[in-house]
Amino acid sequence: MTYLLLFIEFFKIGFFAIGGLASLPFIFDLVEKYDWFTGPELANMIAVSQSTPGPFAINIATFAGYETAGIGGALVAIIALILPSITISLLIVKVLINWRNNKFVEMAFSGLRPATAGLIAAISISLISLAVCGTEQLSIHASIAIKPLIFLLVLTPFVIYFQKNPLIFVGLGALVGIIFQF
Amino acid sequence: MLPILQSELVNRRGWLTGSELMDFFAMAQCQPGPLAVNCAVLIGASRFGTVAGIFAALGMAFPSLLFILAIAILLQNFIHIPQVAQAMAGIKTAVAALVISVAVRLFKDGVKGFIAFIFFIVSLVLLVFNILNPILIILLAAGFGIIVGLIKRKKERKA
């Protein structure tokens, strides 16, 4: 049963998440829906997926599947995630090679682009909360960890300004975490 | 990812030209699903057929499977070591900063004009306050995008 639910959820993610980190809002949604993993566990999974080579969406699907149902779960999650992508790409190669020039597709994207920006902005709030308060829901009762907060405030402008390889910042994060004993 | 595709597929294998690669890459960015898998299937299938496209997708996913399983198993055993937990806390903070920067970039690239800003704010609020799930937000955004587009076209025709 868990395998089937994993398959359905990751198939949906594969179908509806367009672009790099777009899978994040959907994965956060799973925390609310099932008891597969908690917010803080998800934060660890995201941290690992971002620091490992390979597409982020596949990394996080593998980790989430493994956490939920072991190695079989990881395989189910990966297959479900890439199935829509494979099907749609094959369709495009065979019949829809000019789909991008369709005016309705262009109109849909004029709504999807800003909405995706909004979803990722919402997720960055959850991630800040997880890094600084250890919980994904913002609350006035949450205790704030000062060291990660300062690091976040210092690091963020650098990351925005210098569009470098994410792994540089991930490595820096690990180093700062150990040196300043987060 | 683009530099590796360029050096391996264009320069070393000669499976496609640089400009074909750019076309596929642009197309893959607009499709649902992981960009890398989309690229793999588009290139594999258009050059060598359907089965090749599927194999290319599996090839893209396989290293992730190995790396993540290895790390997940290691992490289970070593997360109780203080330095490992501290490093993870530092990485989590860095990842938050990275995702903020992605949000900023998406905002700069994709939110142009008042209507786009409304789309941005509404999806942000709907997700932060858990009012709708992400799939519904995406579907509504696409739907309203089409509606707004059609209204705009009507106005342009009248004018």
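Start by selecting A:Q181, which counts as exposed because 12 C-beta neighbours sit inside 10 Å. A:Q181 belongs to the segment after α7 (166-179) of chain A. Helices here are DSSP runs (H or I, at least four residues), and strands (E) need at least two; both are numbered from the N terminus. Check the backbone while you're there: phi of A:Q181 is near 50°, a positive value in a residue other than glycine.

A quick word on what's on your screen. This is a predicted model, where local features need pLDDT of at least 70 and side-chain atom pairs count only at pLDDT 80 or more, while totals for chains, interfaces and linings use all residues. Residues are numbered from 1 along each chain as its sequence is written, and chains are lettered from A and ligands numbered from 1 in the order in which they are written.

Now hop over to chain B and pick B:N130. You'll find it in the loop between α6 (114-128) and α7 (134-158) of chain B. B:N130 isn't a glycine, yet its phi is positive, at about 60°. B:N130 is exposed, with 12 other C-beta atoms within 10 Å.

Back in chain A, click A:L4, in helix α1 (residues 2-16). A:L4 counts as exposed, since it has 10 C-beta neighbours inside 10 Å.

Next, the core. Which residues have the most contacts inside the largest nonpolar core? Select A:A77, A:I78, A:L81, A:I120 and B:V99, out of 109 residues in that core. Its largest share, 21 residues, comes from helix α4 (residues 56-94) of chain A. (A nonpolar core is a set of buried Ala, Val, Leu, Ile, Met, Phe, Trp, Tyr and Cys residues joined through C-beta atoms within 7 Å.) Zoom in on A:A77: beyond its neighbours within four places in sequence, it is in contact with A:L6, A:F10, A:A61, A:T62, A:A64 and A:G65. Contact means C-beta atoms, placed from the backbone, within 7 Å.

Last stop: where the chains meet. Chain A puts 85 residues into the contact and chain B puts in 74. On chain A's side, α5(A) gives the most, with 24 residues.

How values were computed
Buried ≥ 20, exposed ≤ 12 C-beta atoms within 10 Å, placed from the backbone. Contact = placed C-beta atoms within 7 Å.
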